Amino acid sequence: MERMEGVDAGYLYMETPTMHMHTLKIAIMEPSDSYTFAGLQRQLLSRMNDLPPLKQRPLPVPFALNHPMWISDGPIDPGRHIFRHDLPSPGGHTELEALIGQVCSTPLDRDIPLWEVHVCEGMAGGLVAVIGKLHHALADGGAANALIANIADPREGTPTADPRSGRPADWHFDAVPAKGTQIKLALRDATVQIGTIHGLLGRTTSGTVAAVRRRREHDVSVPRPILDAPRTSFNGALTPRRNFATCTLDLAHVKQVRKANGVTVNDVVLAVVGGALRTWLDARDEHPATALLAGVPVSTEEMGSSPRLSGNRVSNLFTTLATDVDDPIERLHTISNITSASKDLQRTLGPSMLADWVQFTPPAPFSALLRWYSHARMAARHAPPFNVIVSNVKGPPAEIRIAGSRLHDLYSVGPLIEGIGLNITAWSYAGRLNIAALSCPDLMPDLPSLVAALEPALQQLRNP
């Protein structure tokens, strides 16, 4: 049992009836000959020691005196976590994506560990899709990668656990502390936290002064959230509903563009998204005069750190998508230059600065404020802080197997936030760049048409 860090708890506080803070991991599996749904359930239960965050639920502190605790106080009930679905014919990506949108439209139950697995049978070619629904408070993209690696079969393809086994023998349950004890622990931890404020204030002051100085020195102007973002039809107040769409790009083509232009893979991903959005906006005659802005989650993990199975080590930088630039290559270089300057500012300020301050977020007032903000649909009344979330995660470079089943493809996407009705996540896997897009159909009903524009946007960069 341990205290939740502020940055992780923040994802719980942000959750409202219309803003669901779970992430999705979608694995397309080529099942082994011995596959059954019941066997998969047993296999998941038998691997819980390799997936420790999935054994814990959040335990709120009385009177919200501090962040919740993570506690493992009972067995996993597969009937509340693992679900089976039959895809309608013909069992293609269109049918799967519709189901994923439905799965993503409901929040996770806070009374049990914050995850679900939805097994989709009836796919064309005998494939099985496994939708992992994981609360962001549990893990970011880096931790999710480590969890996948933790349960992958060895290279020779031998399963690492007996699929007939049940609950692990060393399953341990925590005793739920009495409320008085919870209050004492919360106050004790708060006292320790308060002792760090002086140093944090000093780092923040010096970092802010240095960042302002660096901003003035830059030849390019780094976008300012809220002040520089235009309005689009997908920037508004959310409803609970979600829609989902995917496409796959050849990672070799992305790297070809990267090498030819001396930029990063992330720059290319941003340019592809910018090009697709430009096409989509033009088709609807709603192209803003100024460039769309992207919020880009970036890892704050130290180089060489050991694999981490839980928690969030992530911050955000803000950059342009250069949708106001006509030429694709010029757009790519504009994005690269501004993103580089934005990274430099973030390093100067301190990549963990925001996470350090989030540690002091007051749980009850912050949660109440966000619930009011969502209920009042305030995001529809002002310009967005930025326009779209764009993530790029480096996944397994070679195909892997899990419990003897070949992992054919892997997709991932994070949540939407109020005012930002579009999240695009690129996840590389075995030479492919799998892109997943999540939106709200009440803001963007034709999400597949945007996703369909991604491949042509890449080809424009390859053949300018």
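A pocket here is an open set of grid points with protein on both sides within 12 Å along at least five of seven lines, and its lining residues have an atom within 4 Å of a point. With that in mind, let's walk through this predicted model.

**Stop 1: the second largest pocket.** Select Leu40, Leu44, Val130, Ile151 and Ile402: of the 38 residues lining the second largest pocket, these lie nearest its centre. The space in this pocket comes to about 850 Å³.

Next, colour the elements around it. At least two lining residues come from each of β2 (22–30), α2 (37–46), β6 (115–121), β7 (128–135), α5 (141–151) and β13 (405–413). Which element gives the largest share of the lining? Highlight β7, which contributes six residues. If you then colour the lining by class, you will find 25 nonpolar, seven polar and six charged residues.

**Stop 2: a cis peptide bond.** Move to the loop between β5 (82–86) and α4 (93–104), where Pro90 lies. Zoom in on the bond from Ser89 to Pro90: this peptide bond is cis, with omega near 10°.

**Stop 3: two alanines with positive phi.** Select Ala64 in the loop between β3 (57–59) and β4 (69–71). Though not a glycine, Ala64 has a positive phi of about 50°. Is Ala64 buried or partly exposed? Its relative accessible area is 28%, so Ala64 counts as partly exposed.

Finish at Ala322, in the loop between β10 (314–320) and α10 (328–349). Ala322 is not a glycine either, yet its phi is positive, at about 50°.

How values were computed:
Residues numbered from 1 in each chain as written. Predicted model: local features only at pLDDT ≥ 70, side-chain atom pairs only at ≥ 80, totals over all residues. Heavy atoms only, no water. 1 Å grid on protein atoms, 1.4 Å probe; cavity = no way out; pocket = protein on both sides within 12 Å on 5 of 7 lines; lining within 4 Å. Points joined across faces, edges and corners; volume = space filled by probe spheres on them. Helix = DSSP H or I, 4+ residues; strand = E, 2+ residues; numbered from the N terminus. Nonpolar A, V, L, I, M, F, W, Y, C, P; charged D, E, K, R; others polar. Buried < 20%, exposed > 50% of the residue type's maximum accessible area, 1.4 Å probe, protein only.
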